[in-house]
Amino acid sequence: MKYNAPLALILSAMATCAWAQATGEKSVNTIAIAMFLAFVAVTLGITYWAARRTKTTSDFYAAGGGITGFQNGLAIAGDYMSAASFLGIAGLVYTSGFDGLIYAIGFLVGWPIVLLLIAEPLRNLGKYTFADVASFRLQQKPIRILAASGSLVTVTFYLIAQMVGAGKLIELLFGLPYEAAVVIVGVLMTLYVTFGGMLATTWVQLIKAILLLSGASLMAILVMAQFGFSFESLFSEAVKVHAKADAIMAPGTLVSDPISAISLGIALMFGTAGLPHILMRFFTVKDAVQARRSVFYATGFIGYFYILTFIIGFGAIILLLKNPDYFTDGALIGGANMAAIHLSHALGGDVLLGFISAVAFATILAVVSGLTLAGSSAISHDLYATLVLKGNRDEKKEIRASQIATVCLGVIAVLLGIVFEKQNVAFMVGLAFCVAASANFPILLLSMYWRKLTTRGAVIGGGLGLFTAVILVVLGPTVWVDAFGYPEAIFPYKYPAIFSVSIAFIGIWFFSITDKSANAASEQAAFDAQFVRSQTGIGAAEASQH
Amino acid sequence: MFAYLVCKFTNFIPPTIPVAAIWLLESPQAAALVATHNSDNIRKKNQYNRVAYLTEANTSEPAATHAPSPPHKLQKIGKPSMQTETIRQLPEYAALTRARKKIMWPLSIAVIVAYFALILAIAFEPAMLGNPIGNGVTSIGMVLGLGIILFCMVITGIYVYYANRVLEPLTQAIIKKAGGKV
């Protein structure tokens, strides 16, 4: 696996330069392009280095388990802090103030739950994917098919949202055609994952997380410096400038009814604990101690980042609304999601704008790489290795399958990115969280803590959760009305998690307790052994060496 | 950076605090177990001191020296192996599971309650959240919202601190008794 990376580096650099020149007359953004090329060069160099170290499945899926807790915490933050949440939350704060904070909190509150309930047993029981844990004492085949489906659905929705966002953003920032932008993202993420596996993906996350945290910190400091580092003066200035005046200090239109509010809360809180690309990161560390250290650092970084984003949103209200340069026909150029980007220009001119643009691009690349790796491991480790290879583990074949899956996912992601160009894809991240909360999370949680769980219960209940989540979103206002154009939604709520998560838990409970088969009895009897291992880690190292 | 500082800071807190905490939460016996392991960690070099207390229990039955089978084998066995039963009988194991439950559920419930209280306030009492605090413009909702972000960081800090000081020594003792293999 040590071929092609330098060649690809040169090719992609040349291609980017050519595009940059083609759009030369409006290239205000040479700094951004230079910084972006530097990022690509460094990350492809890392991929080349990682490719030479990636020989076994453990290297490919879990970076050989040699990532430290601190590094992994930063990489988790890198995986989680997407450009969508950076630009989206800053944009939401810019438009309606407090509502942006609701999302920021929702994206953070899942982390203590991941730490307290999931992280350590996950590390102690699993090897490369969360399906390892779910199928620990249950039947391999049905559970892995279900878990892989849950993973792939989550990854696909997330990936579409990121690809479309990436295309739009790059189109706007670098002046590249939309399709070209989507193809560049697709090619780079495929290169990272195919050749460098988890090791390269981890380092891409680390670099991106450091860049994003420094860029956002700098912007927030520049904003706060103008208000003597006082939130009160920041808020009072924003209230004076904003059209909604003091309404920006209170909840607005984001969540209009109690069902939607609770539903959104459930999806965000428990969805985090079911995201396959996040769960996968816990297998890159040595043991449970490092796993919990990872979440501690990750929570710190992510929480800090959302506070920065919030400050940036308020900074945008004050500095942009007063400046007509950023508006055409009374609307912010590029829409509210560009608030953070315009603010970087207002604060630091072309240099900061170039830096933040390059950071936004790096952010997208890192997130899609993590997603692609999670998707390809679900295909190769859960489906191919269990269903095709069956018991005959063959590392070479499994890695090969994973690489082929990565390339296929790359192509599919590019195609979907192009197909969905004109659609509003904002709901897709919400849908990804909803599916993760309704299918992946209940199976994972109950397999760890509930003795009576059986294969039948997990498959029927988890399947119902997955199915309900997808169907209710399609029948709800975001797809049925906004995307399909029907006048009225069949299912009235935007966020179905309160129903789909309940159905999943009730389904799993009911079909487990009524399962009187011999298989069920032996699965329940195996709980004690599993619980001992999940609590102490005894036996975990042995499994991950294979 | 914040997380890093907290983690560094917690290293300076003497190990007696978690022992006192577990005394209150758990029982004097559990506290004694933790205290033994903590002081052992300080005198790491002397290996034999670490297992001095082990003789009190489990002397008749030698700890199993093999680690449990990988998952696919376990499933075929279908019932707990001797290894599992041996570990489950250890006083440290009972102390570990009880100590973990005592920290895990209260902290989880605290986060869930805090978050859904805010969500319900947003749903039912949005105007209340918009009320300013004092004479300024900063609203109650803003303070609560930013407070929850900090609260999440603090919760993870508390758990990691407790886990490193209380749960980890017990886990290490169990591993040692089970034959030293992880």
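I looked up the order of elements in chain B first, and from the N terminus on I read α-α-α-α-α-α-α-α-α, that is, nine helices and zero strands (helices are DSSP runs of H or I with at least four residues, strands are runs of E with at least two, and both are numbered from the N terminus). I note that this is a predicted model, in which local features need pLDDT of at least 70, side-chain atom pairs count only at pLDDT 80 or more, and totals for chains, interfaces and linings use all residues. Residues are numbered from 1 along each chain as its sequence is written, while chains are lettered from A and ligands numbered from 1 in the order in which they are written.

I then checked burial in chain B, where buried residues make up 35% of the 182 residues (buried means that 20 or more other C-beta atoms, placed from the backbone, lie within 10 Å of the residue's own; exposed means 12 or fewer, and partly exposed lies in between).

Just after H8(A), I found Gly175(A) with a positive phi of about 70 degrees.

Last, I looked up Ile312(A), which touches, among others, Ala90(A), Met219(A) and Leu343(A), not counting residues up to four places away in sequence (contact means C-beta atoms, placed from the backbone, within 7 Å).

Notes. Contact = placed C-beta atoms within 7 Å.
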